[in-house]
Each structure stands twice: as C-alpha cells, then as structure tokens.
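Let's take a walk through this structure together, from the inside of one chain out to the place where the chains meet. Have the model open beside the text.

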2 protein chains.
Amino acid sequence: MKERAYNFSAGPSMLPEAVIKDVADNLLNYHECGESVMEMSHRSAEFKQILADAEANLRDIMNIPDNYKVLFIQGGGTLQFAMVPLNLAVNSRKIDFVLTGNWAKKAYKEAVKMGYDAKVIASSEDDTFTWIPEITKDDIRPDADYVHICFNNTIYGTHFPYIPDTGDIPLVADMSSCILSEEIDVTKFGMIWAGVQKNVAPSGVAVVIVREDLIGKAAADIPTYLDYQIHADNDSAYNTPNTFSIYVSGEVFKYLKANGGVAAMHEKNVRKAKKLYDYIDGSGYYKCPVREKDRSLMNVVFVIGDKDVEKKFVAEAKAAGLHNLGGHRSIGGMRASIYNAMPEAGVDALIEFMKKFADENK
Amino acid sequence: MKERAYNFSAGPSMLPEAVIKDVADNLLNYHECGESVMEMSHRSAEFKQILADAEANLRDIMNIPDNYKVLFIQGGGTLQFAMVPLNLAVNSRKIDFVLTGNWAKKAYKEAVKMGYDAKVIASSEDDTFTWIPEITKDDIRPDADYVHICFNNTIYGTHFPYIPDTGDIPLVADMSSCILSEEIDVTKFGMIWAGVQKNVAPSGVAVVIVREDLIGKAAADIPTYLDYQIHADNDSAYNTPNTFSIYVSGEVFKYLKANGGVAAMHEKNVRKAKKLYDYIDGSGYYKCPVREKDRSLMNVVFVIGDKDVEKKFVAEAKAAGLHNLGGHRSIGGMRASIYNAMPEAGVDALIEFMKKFADENK
C-alpha cells in the first residue's frame, strides 16, 4: 500500500493517524454495540453519550466556562455568517467588522446583504491583508451589537497577535483555522465559532461557543434552524445533527486531552512554524509576505515570485508526497497548512523538499 | 467480536454492510491516494470526482431529467422546511400543505412562523394520521406557489399511494424516508428532497432535486446558504460541503446500481414489508393501525395495546439483537424501519422474535 501523504490542505485537512485508525477499526461495529456510528440513531443512548462526551471534552480542553453554550451546527462558516447577525445583532443591528482577509470580508458582505448596518472599522486590504490592524475601544461604535474578527486568516497566513479589547461590546471571533491550536481565554469573547474541517474533524459541523445571555433574542420569524437558542435548548439535537463529524470531533478532543491538551499542541505548533518560517526567511529563494508578528502558526504562506516555477513546485511536491501546497486560488503562490495533526516530520520533509527545489531551480 | 445487530432505527439507520466495510478499508488511505476522504480538500481533484460521481449515479438510478438540479445541502429537513418557502414561495407567498404526520406539520408550522400564507388543504390528524387524504386539483389554491407533501411518514408508517395531480402548481415532496426505495417519476414533482440519514448515508446532508426554472428567484436579503441557486451555481461546493456523507452517499448509489437499481430494491422492499404486515395482521396479538392501502414499505408501525408489555417487547428485542424497535416518542408502540439496507433475514428474525414474544406474553 502506498504511504500516506503529508497533506498541507487548508481544510478539510489531516487528522491524527491514531484517530483515523480507531475510527476505521470501529466503523462496522462500534465498540461491539452492534451498530456503526454512521447508523446510530441520534436519540440512542450510545450516540447521546458520544455527543455529551464530545461537549464535555471540548469544555475541558478549552476551559469553557459554564455560562457559555457549546453547540454543533451544520452549514459551515457560510451559515454562521448569517446566524451570528440573526442572533446577536438584534438591538441596534450595527455590526463592526475588522477586515483581515476573505473570510472576514465574507462575514461583512453577508451582513450587508441581509440589511444590517455593517461597518468596516479597520482593514489591511490595501496591503493584500499581509498584516493585522490594531483596534482599540475608540474604533468601535458605542451602540454596536458586536465586533466581528477572523482570528486566523487561512488564505493570507495571518493571525491576531492580540485579543482586541472591545469593552462591553461582545467580541465574536471566527476561529475556524486556529481553534485548539493555542490556549485561548474564552471569557474575552462573546462568541467563538469554528468550522471543524480544518483543525478538528471531517467537514459539516461548526462548533459554536456562545455566552448564554447573548442568545434567545432572535426575531420570531427567522428559520428555526438559524436560532442558537433552539440548538442550545435541545443539546445540539433539535434535529438530526451531523452525527459522524461530531463523533470524530469527540475522538480528536479525547486524543488532544490524552496528549497534553492544547498547551502541548501549541508548543508543537510554535516549533513547527518557527522551523518553517526560519527556513523561508533565510533561504534567499522563498519569501513570506506576512508581517512577522502577525504570522499564523497554522497557515504558512510563501512565494517564489514566478508563477510557472510555483506551479512546478506544487506539482513536484505532490509527486514527493507533499500534498496541497498551492496557495488559495485568489492569491496563488504557496501555502503550507500545518494544523495540529501535521506531524513535525511533515514540516521537516517539506523543508528538505524546499531546499532541494531551491537548489535545482535557482 | 459481538455480531452486528439488525437495526430498525427510523434514522440514522442501517447501511449496506459491504459499503461500510469498503469505507473502513479505505478510511486511512483512500484508494492509495495518500489521504483519508475525511481529510480531503473539497477542491481537490479526488473529491471533485467523488462528488461528480455521486451526482451522476443518483441521476442514473433515479432517472433524473437534465432540467433538474441535484444539490447536496447541510442542515437536514429542518433547514429544508425554511429553504423551500424562501426559494419557491416567491410570488403569492401562498403554500398549500397536506398534513399527514409530524414532519408535514413541521414544514407547515415553519412556513407559518416565517410569515407565509400557509394553508392546510387536507389532513388526517383527527385520526392520528393513520391514512393519507386524497387531494385533487380543486383542493389547491389556484395561485399557490406550491403544494407540499411528505411522501412517506416515518412516525405514522404511512405512504402516499398516489402522486397528487397539482396541475401547473409545483408539487414539493419530502421523501426523506422513502427515497430510492421505489421508482419515482421525478417529472411529476417540482422538487423532491430527502435527508440522507434514513435510506442512504450518515446524517448531515439533504439531497435536493429541483426543477431549474423554479430557483434563482429568492429575495436578495436571505442568507446566502439558503439560496438553492448558490448551491446550483457552485455544484454543491459554494462552501465546504459535508464531504464524508456525500462520499458514503455516492458509495451507496454505486452499490444500488450494481445490485439491480431502485427496481430491485423496491421488489425486495415489497417482499419484506408484505411478510411483516401479513404476520402482524394474522397474529391476533399485534395490530397495525394504518389503513391498508396507505401503509409504508419503510416504516412498519404496530402496537400490542399495553404500554408495559410494549416496553418489555422493545427491551427484549434489543437483547436479542433487534435494535430500536420503539415507536416515536410522540406515539409510543413499536416501529420497525426496514429501509433498503435491512436484509430480508432481519425481517425474518423480527417475525420469529414476535412469534416467540406473543406466545410468551399472550
């Protein structure tokens, strides 16, 4: 059997091999209960336990306070872009956005589309989003319903080096590409949400962590599925949730817990990213366009500067078992997404390949 | 290893064992491509092929005409209850509903909640939904945007024995619990949708089959994710879809195709259901409350008439490897969901158990 590749995809992306093997071993007959998890009623005692454990373990590894609800919702980030305003922008309907990349912009555009009073309070778009703006309380409208940020920007390889102080105004952060990669003080946020398909599990679930006093205020005529309170009141099982992705998410939470938790992941992530950035910066061949203090630990963006050579890089890397190193279709270049599940050996292999490629193509 | 049970769950429910085994075998390294399907970028060539094949095979086995779009959308039936009105009730905002059970009622209530002019044109609620009303063109408001029916009623064990003639007014059918169980003339419907978690695959995807002239008319301010046209224009990958459930759906479509298609499934389903209904009707102990011509091939509902004995039945059946035979929490009694993937041997085993239980508890 051909070996598994190092998969640098921005998402869906690598999962811990031990988790995949365990899922495969249990796929036909989950812990000898007679059923596959794929076949399990979401109302069964077995699945309720899987769901409860997933939530409990996530609360544990993220240190989520009791006054925050943890929800598992379908529809990905795109649906969250609509759900957050519908649930949280219910007073002034004013939302302040920090534009740091495509996903931040999509969140902003969705609010505009839906008729909210959306304001861009800071943006690095003029510099192709290569840095993170610093915002202070003074930048925020005093009657804004919330401030939205994208904490880690998958496409541009940036990451907020600080948590904005928004005072009494709730801060909402899209952490799709960095959740569980570093310790986060949840209490600094009104809400955190993340699609699981980058750093956690197969696609089809967004984890929503929301302070309970912020929900339950949505208009009566919105679609039932879009009301966080409905999900909260029904422990994420108002209707059939994405049972399989919740199950694998739970397995990953357990795996992280057993392997030093988020702190250990962060240490490893810092080490992996530093290695790669150090090599790039010193290579004299590759270049990372991102301002140093705003660089992401998860998505390492770099360029050679010649589109044809970059194409060659991506193709030869794939042939060498280093998959999905092309940059996002909107900016080109290269991107190595090195989420929690990317082994350090994968980063080493990438650097070796980069050295060889640089030598051959200088 | 303990044997696999016969799982009579209403959904999620059994999958073909051959498909589960194949998915398990390929879980770590999908056809030696170096990645698990769970880790595959939805923009990769490999996944695009999986998605295209799933659609093509579904079109083939259901004989779906080219002027119908096939979409794979997250959020289940609950989100469809909102999406259908948002996309199709865009002229008069009038929707006519036939109430044949909980899910039909939920669709109706969602339309009411969202401010549509929803009308119940027929209902069997007064008889606990034990039969299917016959509707004709005269029952329908001439300016209704569409008529909504639930073709098979999971909870009450009924099934439309006919396709209502709605003339020029589009007929929308929720086929969550009977899709692919019988041959259907798609052209009789404006739209068919089905959550895949009953008769197809793990939960988290609704398949939407919609006549292309009916979409693209939604209001500009609705959430992007709720617009069918967005999904159609982007081949169900506007954002990251539920890749794993789409993959397993595709494997099941292939499996059906290789095993005689929907016609062969239907033949087997008729045989299984007939066996079970015949036994119930002749047992003198169990009773099926559903009018004979409206009985579902998928969900066989029956009662003993004594709640304690029924509880005992469900518990003893579980111990005997016959899982999830309890009726829906809203009506009690028993329900055997015998979808495509339930082997005939499972029905035989159930009947044997029922005989033994009747003898012991008469």
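**A guided tour**

In chain A, seven strands form an open sheet with mixed pairing, in the order E2-E10-E9-E8-E5-E3-E4. Helices (H or I, at least four residues) and strands (E, at least two) are DSSP runs, numbered from the N terminus, and two strands pair if DSSP finds at least two bridges between them. Before going further, please keep in mind that this is a predicted model, in which local features need pLDDT of at least 70, side-chain atom pairs count only at pLDDT 80 or more, and totals for chains, interfaces and linings use all residues. Residues are numbered from 1 along each chain as its sequence is written, while chains are lettered from A and ligands numbered from 1 in the order in which they are written.

H4(A) lies across E3, E4, strand E5 (146-150) and strand E8 (171-174) of chain A, and runs at about 155° to E3(A). Such angles run from 0 to 180 degrees between N-to-C directions, and axes are lines fitted to C-alpha atoms, for helices over the stretch in contact.

Next come the helix pairs. In chain A, the axes of H1 (residues 17-25) and H6 (residues 243-258) come within 10 Å and cross at roughly 135°. H1(A) and H6(A) are therefore oblique to each other; angles under 35 degrees count as roughly parallel, over 145 as roughly antiparallel, 65 to 115 as roughly perpendicular and the rest as oblique. Ala18(A), Val19(A), Asp22(A) and Val23(A) in H1(A) meet Val248(A), Glu251(A), Val252(A) and Tyr255(A) in H6(A), where contact means C-beta atoms, placed from the backbone, within 7 Å. The residues of this contact divide into six nonpolar, no polar and two charged. Here Ala, Val, Leu, Ile, Met, Phe, Trp, Tyr, Cys and Pro count as nonpolar, Asp, Glu, Lys and Arg as charged, and the others, Gly among them, as polar.

Over in chain B, H3 (residues 76-88) and H4 (residues 102-113) pack at an angle of about 50°, with axes 9 Å apart. That makes H3(B) oblique to H4(B). Gly77(B), Phe81(B), Ala82(B) and Pro85(B) of H3(B) meet residues of H4(B) that include Trp103(B) and Ala107(B).

Finally, how do the chains meet? 62 residues of chain A are in contact with 62 residues of chain B. H3(A) gives the most to chain A's side, with five residues. That side divides into 23 nonpolar, 29 polar and ten charged residues.

A rotation of 180° with 0.0 Å of shift along its axis superposes chain A on chain B (RMSD 0.0 Å), by least squares on the C-alpha atoms of residues with pLDDT of at least 70 in both. That is the relation of a two-fold axis. Of the residues of chain A, Ala24(A) comes closest to the rotation axis, at 2.4 Å (C-alpha). The copies meet through the same surface, because 100% of the interface residues of chain A are also interface residues in chain B.

Key
Two residues are in contact if their C-beta atoms, placed from the backbone, lie within 7 Å.
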